[in-house]
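Please walk me through this two-chain model.

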Amino acid sequence: MFRRSLAGALAAGMAAAALLTGCGGGGDDATDGPVTLKVLTWEPGGTEYWKQVKTSFEAGHPNIKLEMQSVPFDKYPEVQGPYITSQSGPDVMANNAGLELFDRRGAYVPLGDKAAEITKDLVTYSGACEGFDTSKTCYGVPFSYQGNVLYYNKAVLTAAGLDPEKPPATWDEFGAACDAVKKAGKTCLALGLSGTFPAYWDFPEIARNYLTEDDIRALLAGKLSWKDPKLVAVLEKLAEITTKGWANKNAPSITMLPDGADIFQRGDAAFAGTIISDAVNWEAFGKALGDDKLGVTRWPAIDPAAPLAQKFSGIEGAVYGVTQWSQKKQAGLEFITWLAGKENGELWVKYGKGQPLNKNVDKALLPSSPAFLKIQELVAQPTLHAGVMLSGPEADALARGWQQVTLGQLTVDKWAEQMQQALERSPTKKQTK
Amino acid sequence: MTISTAPEPVAADAPPAPRRRRAHRPGQAREWWLGAALVLPALVLVVLFKLVPLVRGVLTSFEASSGFGGSEFAGADNYTRMLDDPMVRTSFRNALLVVATLPVWIVIPLVLALLIHQRSPGWKFFRAVYFVPYTIAPIVVGIMFRQILAPDGPLNALLRGVGLQPLAIEWLNGRYSALFSLVAVALWSFFGLGVMTYLAGLATIPEETLEAAYLDGAGFWRRLFSVVVPMLRPTVAYWSVLCASGVLIWLFPLIYALTQGGPGDATMLPEYLVFLTTFQFLDRGYGSAIGIALFVFVAVLSIFSVRHMFTEGTRKPR
């Protein structure tokens with residue numbers, strides 16, 4: 001009797017194990033039916049774009065099904081962190097290029113020689129590689145281009161007596177424009193300092209006036225002191241934006257997304273410094289204000305003669321990599337290879353309304369919005385993006401310090417000291433050093 | 001025939017009865033096993049979900065880590081580092097400021113509960129209304145109050161509307177106004193639970209006692225402090241313990257939604273700093289060390305309050 005029960009239990013156990021293996025719990029390239037690939041994403045480019053990704057990829061790859069786990073951007077680290085610490089979860093995950101990716105690189109399969117093969121048609125992908133160097137280890141592939149520009153509302157400029165076709169090109173002109181806008185009863189620069197977005201978006205635009213590309217690489221390596229006169233000068237100019245009254249007064253207590261961006265979208269501000277892809281870009285602003293009212297320009301130059309002053313702070317967008325713990329690495333590689341390809345590049349342009357990285361994307365598909373066309377001109381002269389060179393503690397200290405400086409609670413020198421302390425606290429940069 | 005329960009008289013000169021071994025009844029053993037079986041699931045849960053994470057947290061606090069990669073033993077480095085970290089010092093200083101608001105957390109619900117208990121006009125309505133904020137998820141409360149406390153939000157509009165223009169400040173913008181706005185929102189969110197707790201305690205006070213005090217001419221405040229509070233000591237003590245520990249570990253969703261620890265470090269509390277250090281800065285070892293420091297801080301505060309609660313709770317009212 002007992003033997004019969006034991007045999008029954010063993011048989012049931014084996015059947016269950018076989019069933020589980022068949023359901024995708026097994027190894028690579030399952031032959032019985034399609035493999036299900038779990039993808040963790042914050043859906044850069046919007047839900048519609050990701051629907052198209054799923055449909056198009058699955059249509060071309062009947063052996064792979066995609067199961068998307070979509071998490072809001074601001075909740076992403078909290079969801080991703082436990083997956084990485086427990087070395088389990090999705091087969092493919094996203095991270096922003098730069099230090100965010102490098103901080104989590106232990107989760108990803110290094111692409112090795114495949115990197116060049118997968119990314120052969122991309123304009124750039126160095127932000128997916130260690131130290132922004134494609135000859136070093138790369139952890140995933142991007143498919144979009146990202147970076148900062150200054151958007152402006154032509155109607156607000158006109159109402160302030162300014163020429164909307166000639167936005168301010170220098171720091172002094174910007175100050176004069178802000179005075180005129182304020183006199184007309186509007187906010188000059190829509191800004192929300194709670195959170196790290198301004199650290200990522202505004203800092204590189206000032207830094208371009210003082211730093212060379214070598215300085216920016218030194219910043220990445222943690223070898224450029226925050227007490228260096230160049231970085232202190234960057235902080236001084238950042239402080240001027242708020243202390244000179246160019247931004248909305250409540251900037252320290254609101255976030256850039258959505259609050260600061262809302263001020264601009266409502267037509268209450270003349271300028272907003274944000275990004276070229278994803279949300280809060282030319283498309284969202286064009287919809288809110290009308291494409292004909294939306295202008296886009298480079299941030300005003302503090303020193304127009306500085307080597308990088310007339311450049312575009314560019315960086316690849318979200319990078320997708322295959323996780324170390326995935327049992328379906330081959331399928332994961334197939335998916336990220338497809339993400340970097342022409343077909344997805346065209347979906348990205350059409351549905352995500354973003355700047356593609358793939359060189360072969362049909363130019364006829366590119367949006368015809370005047371702002372987008374202007375962005376094409378600006379991105380043609382790229383440089384490194386100083387914002388993504390900041391570690392978490394530095395970005396946080398930059399954001400908090402700017403809040404305190406704005407409220408008159410901190411001097412710029414003290415801010416520089418706090419930045420240096422943050423650099424010394426940074427686990428990533430400490431290790432780099 | 002009468003049955004007496006009095007013990008049998010023992011003869012003075014009778015030798016003491018030999019100590020008998022306790023009878024080993026099978027029923028007793030069964031009861032013991034049943035008791036153990038009932039306690040076991042709770043014990044397993046406590047070990048798995050309280051003790052193991054705590055031990056794990058302590059171990060992690062002795063590690064140095066970079067990003068989500070591997071970690072190495074760091075000895076007491078994380079703890080010594082905390083001593084030099086101005087953000088840690090600020091967060092605990094802010095925590096003490098929050099703890100200093102405890103009398104308000106204790107007294108306001110008590111006063112409101114007493115007003116409801118003595119059936120003030122509209123008491124049924126207020127009993128329900130006061131509890132409603134507690135049923136709203138704190139993250140929703142945070143988002144809601146971000147709008148309400150905005151410089152051009154409804155609160156300031158109301159203040160300006162009734163002629164209190166000077167009070168229409170930027171609630172979330174200042175060094176102290178932000179912290180106390182945060183505490184006020186938390187209080188709004190949680191005081192309903194306090195009212196309910198006190199109402200449960202008040203139900204145990206005999207009606208006649210309060211009536212007698214009323215007939216003796218005791219006013220509201222006199223009844224509160226001379227009759228209710230002494231008789232309600234165990235409930236007040238229980239609520240105090242809950243608040244003392246709660247204000248240090250409840251506020252995360254509100255900080256997250258309202259201020260993110262800012263402006264600057266104005267609303268940075270240890271629990272938010274643990275989150276920031278661990279998940280934003282990816283410094284797990286240091287984040288755990290701050291978490292353990294917070295645990296000790298809350299434990300010391302709670303032990304003090306619990307001891308006080310037992311002393312007060314077991315004292316008979318005079």
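Predicted model: local features only at pLDDT ≥ 70, side-chain atom pairs only at ≥ 80, totals over all residues.

Residues are numbered from 1 along each chain as its sequence is written, chains are lettered from A and ligands numbered from 1 in the order in which they are written, and side-chain values use heavy atoms, with hydrogens and water left out.

Begin with chain B. It has 14 helices and 2 strands. Of the 318 residues in chain B, 43% are buried. Buried means under 20% relative accessible area, exposed means over 50%, and partly exposed lies in between, with a 1.4 Å probe and protein chains only. Take the contacts in chain B between residues at least 6 apart in sequence: 70% of them join residues at least 24 apart. A contact means heavy atoms within 4.5 Å. The accessible surface of chain B is about 18400 Å², and carbon and sulfur atoms account for 68% of that. These areas come from the Shrake-Rupley method with a 1.4 Å probe; for residues, only the protein chains shown count as cover.

Now the empty space. Rolling a probe the size of a water molecule over the atoms shows where empty space is left. The search uses a 1 Å grid over the protein atoms alone: a cavity is a set of points where a 1.4 Å probe fits but cannot get out, a pocket is an open set with protein on both sides within 12 Å along at least five of seven lines, and lining residues have an atom within 4 Å of a point. Grid points are joined across faces, edges and corners, and a volume is the space filled by probe spheres set on the points.

How many cavities of 30 Å³ or more are there? The count is 1. The largest cavity has a volume of about 110 Å³. It is lined by 14 residues, and A:Arg425, B:Asp85, B:Thr277, B:Phe281 and B:Tyr286 are the closest to its centre. Two or more lining residues come from each of α17 (392-406) of chain A and α13 (270-280) and α14 (284-314) of chain B. The largest share, 3 residues, belongs to α13(B). By type, the lining has 8 nonpolar, 1 polar and 5 charged residues. Here Ala, Val, Leu, Ile, Met, Phe, Trp, Tyr, Cys and Pro count as nonpolar, Asp, Glu, Lys and Arg as charged, and the others, Gly among them, as polar.

The second largest pocket holds about 970 Å³. Its lining has 30 residues, with B:Pro53, B:Gly57, B:Val274, B:Ser288 and B:Gly291 nearest the centre. The largest share, 10 residues, comes from α14(B). B:Ser288 lies in that helix, α14 of chain B. B:Ser288 is buried, at 18% relative accessible area. Leaving out residues up to four places away in sequence, B:Ser288 touches B:Gly57, B:Thr60 and B:Ser61.

Next, charge. The structure holds 20 salt bridges over all chains. Each one puts a side-chain nitrogen of Lys or Arg within 4 Å of a carboxyl oxygen of Asp or Glu. B:Arg146 and A:Asp259 form one, at 2.0 Å from N to O. That pair crosses between chains, from helix α6 (residues 138-148) of chain B to helix α12 of chain A. A:Asp259 counts as buried, at 16% relative accessibility. B:Glu170 and A:Lys249 form another, at 3.8 Å. A:Lys249 is exposed, at 70%. Within chain A, A:Glu205 pairs with A:Arg208 at 2.5 Å. A:Glu205 is buried at 2%, and A:Arg208 is buried at 1%.

Last, the backbone. Most residues other than glycine have a negative phi, and most peptide bonds are trans. A cis bond joins A:Leu257 and A:Pro258, with omega about 5°. A:Pro258 sits in helix α12 of chain A. Another cis bond joins B:Gly262 and B:Pro263, with omega about 0°. B:Pro263 is in the loop between α12 (252-258) and α13 of chain B. B:Gln260 is in the loop between α12 and α13 of chain B, and its phi is positive, near 50°.

Methods
Helix = DSSP H or I, 4+ residues; strand = E, 2+ residues; numbered from the N terminus.
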